[in-house]
Amino acid sequence: MSEQSQLVEYALRLGDDALVLAQRLGEWVARAPELEEDVAMANVALDLLGQARALLTYAGEVEGAGRDEDALAYWRDDRDFRNALLVEAPGGDFAVTTARQLVFAAYQYELYERLRSSADQTLAAIAGKAVKEVHYHRDHATQWVLRLGDGTEESHRRMRAGLDTVWPYVDELFDADDLTAALSAGTAPIAVDPAELRDPWQAYVGAVLAEAGLEPPDDVPARRGGRQGLHTEHLGHLLAELQHLHRSHPGATW
Amino acid sequence: MAGTDEQEAAFYAIVDSDGRIEPRDAMPEAYRKTLIRQMAQHAHSEIIGMQPEGNWISRAPSLRRKAILLAKVQDEAGHGLYLYAAAETLGVSRDHLLELLHTHQQKYSSIFNYPTLTWADVGAIGWLVDGAAITNQVPLTRCSYGPYARAMVRICKEESFHQRQGFEALLTLTRGSARQKAMAQDALDRWWYPSLAMFGPPDRESTHSDQSMRWGIKRFGNDELRQRFVDMTAPQADVLGLTIPDPDLRWNDERGHYDFTQPDFDELFRVISGDGPCNRQRMEHRVAAHTEGAWVREAAAAYAAKRAKRAEAAA
């Protein structure tokens, strides 16, 4: 794979993570537990959508085949999406969503914090803007994990169940492969080696769970495959909804 | 108000000099009740109004439109928050007002009981529904109750942006393919009369108008505002290249206004009384979200209480 196609692939991984999670969070709008959370969910979804648009636009530019953000979001099939499985799972109840938000925002924070010094100036700029947004997302998720973990018996039980639901998808976030190895090698790396994010992520998430009186689930078999386009059945449905109107009017301007 | 003549005179002195009544000022009990009812209904409309537009977030036809729509629906949640907070200055809680909504004791704007069937409906809501809302709401920025007037200043700025984005979304459709243009015309055909009905019954049948005028809550009559909306909107439809579904709509030189057909007020009353296409769906959705979120709100309250207790123990 040429360095150019590696860069396209890497930007798609980051962009698809953000796009698919934005789509999931948008599902909460007008059905959150309280009005403040309708605002917060929409806000986080908007930030992620903004990151996705920047990353997909850049992937299209580097690719040089004339694909813009919409061509990439609306005209790829699920086998061509590169997001991690974590973000495509249905939102579940508020505890499942909160567990996923903590896991993902803490991961994205460590990632963007390091990607700011990427040798690729566009990725560095996108990361520089995104890290501030993600800092807020992580804080928002943290506050809710504490409230739910240390709230009522029911919320504690649901929060544990939420962690159980999302935990099988954690390991995949930190998988290194040939692509990340190639792009994160050398003295001026373009990408961040996902494996090096694991320890700082663990430190942050572990401390939050401990304060909330929760424990990370152990001995959970990991599920992976998203980076290779091997998704769960959920992604097809998510994309069917996301893409149908756009695809029903080929070539139209909106 | 305890009802002393002195307090009443002070209240009317402020209202008559176009001043602002503030939460600590004495006010007639009927004024307070009217304001609570109106502000709550307005807040409820904002949060119920999130549903018909939220219906298209997952399917928005471009990422840019998705972002605009998410931001718009988020603004509406924010408007709900300001308005509930403004109502709380009159001594009612948001929880209580939501309870009244959920038990059908308070209402929301009847317009949100119509379905959003196509993407063009999102544009039509921005253009027509938000346009009608602004026409109604701009005078409220001068309402006699200070917290309400100030909330409306901010809300109107955002609504005006929503109206322009709705118009721009429709303009893009009408300049697009034949199918897109037909979609836009169909949306106008369905939303025109319900939007006209947003101004309420004709003045001669309006129950609250006179008293609200006297109190400086309402500045203009329903008929005058409806006319203002038609005068503003008819030329915009020409720019869009769409036809307003009213064969009698035409400019009247003598009156200096458009003549137009009134909406079907029987339909308005039917929808207000619960018999609209989506009344049941909107309320079921709202109540389900509230009920399913109860354990989350209870957890937040329990956590806050525990923290306060720990802080107290540590002090």
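**Overview**

Thr118(B) sits in the loop that joins helix 4 (94-102) to helix 5 (119-137) of chain B; helices (H or I, at least four residues) and strands (E, at least two) are DSSP runs, numbered from the N terminus. The model is predicted: local features need pLDDT of at least 70, side-chain atom pairs count only at pLDDT 80 or more, and totals for chains, interfaces and linings use all residues. Residues are numbered from 1 along each chain as its sequence is written, chains are lettered from A and ligands numbered from 1 in the order in which they are written, and side-chain values use heavy atoms, with hydrogens and water left out.

- Thr118(B) is in contact (heavy atoms within 4.5 Å) with Trp56(B), Met183(B), Asp186(B) and Arg190(B), leaving aside neighbours within four places in sequence.
- Glu99(B) is 19 residues from Thr118(B) along the chain, and the C-alpha atoms of the two are separated by 32 Å.
- Leu140(B) belongs to the loop between helix 5 and helix 6 (146-174) of chain B.
- Leu140(B) counts as buried because its relative accessibility is 8%; buried means under 20% relative accessible area, exposed over 50%, and partly exposed in between, with a 1.4 Å probe and protein chains only.
- Residues up to four places away in sequence not counted, Leu140(B) touches Gln38(B), Tyr148(B), Ala149(B), Met152(B) and Ile217(B).
- Arg150(B) is ten residues from Leu140(B) in sequence, and their C-alpha atoms are 9.0 Å apart in space.

**Chain B as a whole**

- Chain B contains twelve helices and two strands, in the order α-α-α-α-α-α-α-α-α-β-β-α-α-α along the sequence.
- The radius of gyration of chain B is 21 Å, close to the 20 Å that the globule rule gives for 315 residues, so chain B is as compact as a globular protein of that length. This radius is taken over C-alpha atoms, and the globule rule is 2.2 Å times the number of residues to the power 0.38.
- The C-alpha trace of chain B spans about 70 × 50 × 30 Å along its principal axes.
- Of the 315 residues in chain B, 54% are buried.
- Among contacts in chain B with a separation of 6 or more, 78% are between residues 24 or more positions apart.

**Chain A as a whole**

- Chain A has ten helices and zero strands.
- The radius of gyration of chain A is 18 Å, close to the 18 Å from the globule rule for 254 residues, so chain A is as compact as a globular protein of that length.
- A box of roughly 55 × 45 × 30 Å, taken along the principal axes, is filled by the C-alpha atoms of chain A.
- Buried residues account for 58% of the 254 residues in chain A.
- In chain A, 80% of the contacts with a separation of 6 or more are between residues 24 or more positions apart.

**The interface between the chains**

- The contact involves 47 residues from chain A and 44 residues from chain B.
- Between them, chain A and chain B bury about 4,000 Å², with 66% of it on carbon and sulfur atoms; buried area is the accessible area (1.4 Å probe) that two parts lose on being put together, summed over both.
- On the chain A side, Leu35(A), Asp150(A) and Trp254(A) lose the most area to chain B, together 18% of what that side buries.
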